[in-house]
Amino acid sequence: MDTVRFFDTTLRDGEQSPGFSMTREEKLALASKLEALGVDVIEAGFPVASAGELEAVRAVAAAIRGTRVAALARARREDVEAALMALEPAAMPRLHVFLATSDLHLQAKLRMTRREALEAIGRWVRHGKERCAEVEFSAEDASRSDIRFLLEAMETAAEAGATILNLPDTVGFSTPEEYGAMFHRVRGHLGRSEEIILSAHCHNDLGLAVANSLAAVRAGARQVECTINGIGERAGNASLEELAVALAVRQSFFGVQTNIRLEEIYSASRALCDVTGISVPPNKAVVGANAFAHEAGIHQDGILKNPLTYEIIRPEAVGVPSRRMVVGKHSGRNALRTRFTELGYTVSDAELAQCYRAAMELADAAKEITDRDLLTLIHHARRQNRHAETSVDATVAMGEA
Ligand code: KIV
Ligand code: ZN
């Protein structure tokens, strides 16, 4: 079975988005989390951006020994030199050179002709390859590029020594069919050369980053570029946890394996939230607070009988401590009894009926019922029942007297 490599760009594309900037120490802490997670490549940053950024990438390159470390560079001298300097201490370095190939970017942003672009790609990939064992080339805005020119650019980069060719959907414009078709075209053009790995890099502007990356895998991509929690420019990059879990849960469909240790996913996601102070929305797939929470009575009943009824991922498989049975206005008695048992209370049918009635009244007023509320309900019910028993005893005693 083929392996799809995970190229994590949380520390570069992720860090570029507002609110996610990281210090050297934060990058180091996250890099070791990424290594524990089993990613194949950690893109540590964009060294030419600043002296501090170069230092941070260099520190990650020095610290990470078992995972490849990449540094990004535009196809120009100062970028490539800064990236090479940052990668010097790396055990397994990868230089990542990029240049836009769409006419829009070439004309409006770079003011370059296509010929100049091909020259720059060839020159800076070749230069990088002389000093770094592995070079990746990215054709920025590939999905909006003229396909014939894109093929020329890919050929030029491969001839200059790039062994990983990345086809970014830089502005999240593509659809799965289109994106997959582009990979088929490029693969067909380059032939079945085993040395060249095609890579997907998708942004989420239309909410299609993960779907597009998976379409690329179906079309032969063997590297996916992604970030923890899907952070990244604008609407973000393809989310690592969603890709890894999709490839695992639907392995028989995709027919590939990965090196990701799924059980480390939740902890990596939490680590990023801790570092940045930005949490994920509750409904975020795989790592959101509600990803394994159930409130509806019908669902809770199903889950308690067999979790497969409403869960396609086992929470513990992705390192989530446990599923959450939320007691709210949609909950059923079965879930309420289970929660009481988990809290250490074996409740009788009568107590359950009392607490259930009270819980539903409370749920109409509050959004969610907490464990503390449940403890109050059961204590209250038991006190009421004790009082009722005492007064029955007293009445009987008075009757006997
Ligand atoms: O989105 C993009 O095109 C990029 C490249 C620099 C790889 O991030
Ligand atoms: Zn990007």
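Q: In which sense do β8 and strand β9 (residues 223–226) pair, and over how many bridges?
A: Happy to start here, with the note that this is a predicted model. In β9, Val224 is the bridge partner of Ala200. The path from β8 to β9 runs through α9, in a right-handed β-α-β crossover. The pairing of β8 with β9 is parallel, over three bridges.

Q: Which residue in β8 stands opposite Leu165?
A: Let's look at another partner of β8. Strand β7 (residues 164–169) and β8 pair in the parallel sense over six bridges. β8 is also mostly covered, with five of its six residues buried. The residue facing Leu165 is Leu198.

Q: Why are the buried residues of α2 on the same side of α2, and what arc do they cover?
A: The buried residues in α2 are Lys27, Leu30, Ala31, Leu34 and Leu37. In general, an α-helix has 3.6 residues a turn, so residues three or four places apart point the same way. What covers these buried residues of α2 includes β2 (5–8), β3 (41–45) and α12 (265–276). They are on the same side of α2 because they cover an arc of only 115 degrees around the axis.

Q: How far does helix α2 (residues 24–37) reach from its first C-alpha to its last?
A: Helix α2 has 14 residues, and at 1.5 Å a residue 20 Å is expected. Just after α2, Gly38 takes a positive phi of about 95 degrees. The reach of α2 is close to the expected span, at 20 Å.

Q: Does Tyr179 count as buried or exposed?
A: Tyr179 is found in helix α8 (residues 176–190). Leaving aside neighbours within four places in sequence, its contacts include Leu167, Ala200, His201 and Asn212. Buried means under 20% relative accessible area. At 0% relative accessibility, Tyr179 therefore counts as buried.

Methods
Residues numbered from 1 in each chain as written. Chains lettered and ligands numbered in written order. Predicted model: local features only at pLDDT ≥ 70, side-chain atom pairs only at ≥ 80, totals over all residues. Heavy atoms only, no water. Buried < 20%, exposed > 50% of the residue type's maximum accessible area, 1.4 Å probe, protein only. Helix = DSSP H or I, 4+ residues; strand = E, 2+ residues; numbered from the N terminus. Pairing = 2+ DSSP bridges. Right-handed = clockwise from strand over helix to strand, strands pointing away. Expected span 1.5 Å × (residues − 1). Arc of directions from axis to C-beta. Contact = heavy atoms within 4.5 Å.
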